[in-house]
Amino acid sequence: MFDREFFIGKKVFITGHTGFKGSWLCMLLSYLRADVYGYALEPPTNPALFNIAGAGSLLKKSIIGDIRDYKLLRESLMQVKPEIVIHMAAQPLVRESYLRPVETYEINVMGTVHLLEALRHVDSVKAAINVTTDKCYENKEWHWGYRENEPMGGYDPYSNSKSCSELVTASFRNSYFNPADYGVKHHLALASARAGNVIGGGDWADDRLIPDFIRSIVNRQTVRIRSPYAIRPWQHVLEPLAGYLTLAALLYRDGCRYAAGWNFGPEDSDAQNVEWITGTICRMWGDGAAYEIDTHPQPHEANYLKLDCSNAKTLLGWYPKWNIQTALGSIVDWTKEYIAGKDMKSVCMQQIEKYLNS
Ligand SMILES: NC(=O)c1ccc[n+]([C@@H]2O[C@H](COP(=O)([O-])OP(=O)(O)OC[C@H]3O[C@@H](n4cnc5c(N)ncnc54)[C@H](O)[C@@H]3O)[C@@H](O)[C@H]2O)c1
């Protein structure tokens with residue numbers, strides 16, 4: 001796990017800072033007293049955690065811009081002169097990618113190309129991480145965990161676009177940020193991070209289990225679940241974020257030794273099916289919360305891809321801290337506080353403190 005002192009005063013540039021993971025990352029970095037800058041479109045949902053928690057007020061600067069706008073992106077980076085870049089701006093939904101494949105590829109693939117090309121012209125950056133997903137691997141439908149050197153793949157446009165984004169990262173690392181040339185031709189250590197389904201308070205994305213649950217609960221409706229037996233690698237959002245920061249600190253300090261792809265997934269025991277998750281969270285919520293199964297045909301979603309996280313545990317010293325029950329409990333607590341009209345910035349900060357102290 002990262003050294004908490006490390007981020008004090010570090011200039012960190014996050015793309016996708018107005019999204020669910022981005023908002024939590026802004027708050028985590030602000031808790032760690034980093035100087036945080038963001039580049040993204042407006043928050044993708046309404047309501048949005050970014051607004052509810054007032055994450056914007058924690059930033060040195062929030063730039064509203066499109067990742068496909070190379071000129072603005074490059075100018076923004078040149079102005080900010082960050083030391084660390086974490087790239088999370090994306091079209092992140094599988095179902096949306098079936099509806100808008102061209103846009104999904106434009107944002108997820110060319111967006112990454114634009115960012116990495118811009119980084120060739122910004123000397124200040126010492127560490128950069130491209131955030132992709134467990135879905136980037138070629139799904140061999142086996143039960144073993146996927147290792148970082150497994151082939152890329154991706155069945156649907158979203159998964160495949162993230163796979164392409166991984167290949168783009170590897171190509172830029174080979175061509176422009178080659179570890180063999182570190183300290184001579186460049187000073188940038190470039191890595192990618194692959195994490196699974198994240199859950200946490202404040203996610204309002206469409207077609208995700210926990211947001212659907214929260215919406216139903218808030219509107220006092222029965223929760224409808226699809227694919228009850230689908231197993232997903234659930235983990236609290238702070239887990240991969242802590243992984244990205246651990247990796248960023250090592251890239252910054254040790255350069256290219258860590259410039260590669262890294263898996264950040266939950267423990268095996270936390271890979272539960274959708275019905276188990278829904279039943280557990282309904283029980284935790286109480287107040288008669290109930291669910292029913294939606295039997296309509298659903299578009300293809302790849303079966304569970306288990307990540308082998310031995311590398312992150314052994315070489316980075318990262319490990320998951322919260323099991324699935326603790327993660328679900330934190331979502332129930334968060335949502336109850338939200339419904340009660342509490343100050344959600346302090347609720348998030350308290351959860352961050354609890355996580356870091358676990
Ligand atoms: N949420 C998950 O379970 C999960 C799992 C694995 C990987 N990821 C990855 O993590 C990252 C963040 O995901 P999230 O769940 O927070 O998504 P999100 O939809 O909540 O946020 C996406 C962010 O990207 C920005 N964005 C979208 N299109 C853009 C564009 N054209 N130009 C600039 N910014 C743009 C949005 O404004 C927002 O800030 C994504 O790269 C996603 O693929 C998410």
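The model is predicted: local features need pLDDT of at least 70, side-chain atom pairs count only at pLDDT 80 or more, and totals for chains, interfaces and linings use all residues. Residues are numbered from 1 along each chain as its sequence is written.

**Ligand shell**

The ligand has 25 residues around it, and Gly16, Gly19, Lys21, Ala89 and Ala90 come nearest. A residue is near a molecule if its C-beta atom, placed from the backbone, lies within 6 Å of it. Helix α1 (residues 20-31) gives the largest share of this shell, three residues. Helices (H or I, at least four residues) and strands (E, at least two) are DSSP runs, numbered from the N terminus. The shell holds 14 nonpolar, eight polar and three charged residues. Here Ala, Val, Leu, Ile, Met, Phe, Trp, Tyr, Cys and Pro count as nonpolar, Asp, Glu, Lys and Arg as charged, and the others, Gly among them, as polar.

**Core**

The largest nonpolar core has 101 residues, of which Ile86, Ala191, Leu247 and Ala248 touch the most other members. Helix α8 (residues 238-254) supplies the largest share of this core, ten residues. Such a core is a set of buried Ala, Val, Leu, Ile, Met, Phe, Trp, Tyr and Cys residues joined through C-beta atoms within 7 Å. Buried means that 20 or more other C-beta atoms lie within 10 Å of a residue's own, exposed that 12 or fewer do, and partly exposed in between, with C-beta atoms placed from the backbone. Ala248 touches Ile84, Ile86, Ala127 and Ile129, not counting residues up to four places away in sequence. Contact again means C-beta atoms, placed from the backbone, within 7 Å.

**Strands around β5**

Strand β5 (residues 127-131) has five of its five residues buried, so it is largely enclosed by the rest of the structure. Ala127, Ile129 and Val131 point one way from β5, while Ala128 and Asn130 point the other way. The pairings below rest on DSSP finding at least two bridges between two strands.

| Pair | Sense | Bridges |
|---|---|---|
| β4 (residues 84-87) and β5 | parallel | four |
| β5 and β6 (residues 189-195) | parallel | five |
| β6 and β11 | parallel | four |

Ile86 stands opposite Ile129 in β5. Asn130 stands opposite Ser192 in β6. Ala193 stands opposite Trp262 in β11. From β11 (residues 261-264), Gly261 and Asn263 point one way and Trp262 and Phe264 the other, and all are buried.

β5, helix α6 (residues 157-175) and β6 form a right-handed β-α-β unit. Right-handed means that, with the strands pointing away from the viewer, the path from the first strand over the helix to the second runs clockwise.

Leu190 lies in β6. Leu190 counts as buried because it has 26 C-beta neighbours inside 10 Å. Leu190 and Ala128 are 62 residues apart in sequence, yet 4.9 Å apart in space, C-alpha to C-alpha. Contacts of Leu190 include Ala128, Thr169, Phe172 and Ala259.

**Backbone exceptions**

Most residues other than glycine have a negative phi, and most peptide bonds are trans. Asn46 and Pro47 are joined by a cis peptide bond, with omega about 5°. Pro47 lies in the loop between β2 (35-40) and α2 (49-52). Lys81 has a positive phi of about 55° and sits in the loop between α3 (70-80) and β4. With 13 C-beta neighbours inside 10 Å, Lys81 is partly exposed. Arg220 has a positive phi of about 55° and is found in the loop between α7 (209-218) and β8 (223-225). Arg220 counts as exposed, with 9 C-beta neighbours inside 10 Å.

Definitions and conventions:
Contact = placed C-beta atoms within 7 Å.
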